[in-house]
Amino acid sequence: MKKALLHLAIISLLMIAQSCVDKKEKELSFLTFNVWQEGTSVPNGLEKIRDVIVETDPDVVCFVEVRNYKNQDWTTKIVDALKETGKRYHKGYVGGDVSFISKYPLENGMKVFKNTDKGTVVNYNVNVNGNMILVSGVHLDYTYYASNLPRGYNGGDPNWKMMDDGKGKPLPNINLDSIRAYNLKSTRDEAISSFLDSVKSESNPIILMGDFNEPSFLDWTEKTKDRFDHNGAVVPWYNTKKLHEEGFVDAFRTFYPNEMTNPGITWPSYANEKKSTSWTSLADERDRVDYIFFKGNDMEIKEVFIVGPKSSYVYDKLETSSTNEEKFLANHLPWPSDHKGVLARFLFTFKK
């Protein structure tokens, strides 16, 4: 009996050991990059975008504001430009203004949110040596830009103008019910619901990234209510909160849990050879609106970076304040966008 038990124990240990051997660790990096009208907003924008990709060397990139002007496939153009530098990427584009490039094959591309005039959601499978990762790229509705309200500006309805206090200065609206109702007039929540419906049965790891045009509930907190012209507003921003409730993890805010020391500003960025990119010249509209979220087992965050310059516009002037505790990549390059990018590196434990 003892010999039989010993034999079973040895077999069990061998099976566990074999299982450990079969699993392979793989580090992969993901970049979300709003390229500001596919680089046309700055001189030599395509080349500048190419240089950012070469410098940061991501495995997967989600591009936002892909327009395909003059019926030219922009994603093909950036892949060809990268190929000339020795970088080889697969490309994926199925409509809307979001596309992907990847060092690994992109499969089963699908446009998830159909209202492309008011946002894009696109899903792909990244095939990493037979292991699948679902990547989703989003560009959410930019209208009803509710974070302008506490700063004393309209958010696209009825216009983008300042709400004048009668003395030529912004008049903040910090009524929480008003901010929430205005925010939900956009299609951002419908787009995120479409994404969540599309992945509800997904068993593979999920990476969601893009430009949300909406801040995070983890950033507009009691601690930050007197910063960045929040003017006392503490806002449970709908879409980041909804993702959190559905088990999605904000890579940046998990890696940098202190919203005071690490605000993670991605908008409005300095852009090379351009005047101010700010839409609120008499307010501080700095926000984190570009994200990488993830969900799944057998993956962990290794590093998270802001990609781009440290400078952002504050009252129409450049500042680098509140950036000292964050890691930057490509901040020395001529920057082609009004948004900064976000790059996250993950360690995956694959079965193959």
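Colleague: How should I read the burial of a strand, and is strand S4 enclosed or open to the outside?

Modeller: The general idea is that in a regular strand the side chains alternate between the two faces of the sheet. In this predicted model, 5 of the 5 residues of strand S4, residues 98-102, are buried, so S4 is largely enclosed by the rest of the structure. Taken face by face, Val-98, Phe-100 and Ser-102 are buried on one side, and Ser-99 and Ile-101 are buried on the other, so that both faces of S4 are covered.

Colleague: Which strands are joined to S4 by bridges?

Modeller: Strand S2, residues 60-64, runs antiparallel to S4 and is joined to it by 5 bridges, with Val-60 standing opposite Ser-102. Strand S3, residues 90-92, is also antiparallel to S4, with 3 bridges between them, and here His-90 has Ser-102 as its bridge partner. The hairpin of S3 and S4 has 5 residues between the strands, and in this hairpin Gly-95 takes a positive phi near 120°.

Colleague: Which residues of the largest nonpolar core touch the most other members?

Modeller: That core has 32 residues, and those touching the most other members are Phe-30, Ile-133, Ile-207, Phe-346 and Phe-348. Strand S15, residues 341-350, gives the most to this core, with 5 residues. There is also a second, separate core of 22 residues, which includes Val-79, Ile-101, Leu-333 and Leu-343; Ile-101 is one of the buried residues of S4.

Colleague: What does Phe-348 touch, leaving out residues up to four places away in sequence?

Modeller: Among the residues touched by Phe-348 are Phe-30, Ile-133 and Ile-207, and the list also includes Lys-24, Glu-25, Lys-26 and Asp-298.

Colleague: What is Phe-328 in contact with, once its neighbours within four places in sequence are left aside?

Modeller: Phe-328, which lies in strand S14, is in contact with Phe-305, Ile-306, Gly-308, Pro-309, Lys-310 and Thr-323. Phe-328 is buried as well, with a relative accessible area of 13%.

Methods:
Residues numbered from 1 in each chain as written. Predicted model: local features only at pLDDT ≥ 70, side-chain atom pairs only at ≥ 80, totals over all residues. Heavy atoms only, no water. Helix = DSSP H or I, 4+ residues; strand = E, 2+ residues; numbered from the N terminus. Buried < 20%, exposed > 50% of the residue type's maximum accessible area, 1.4 Å probe, protein only. Contact = heavy atoms within 4.5 Å. Pairing = 2+ DSSP bridges. Core = buried A, V, L, I, M, F, W, Y, C linked by side-chain atoms within 4.5 Å.
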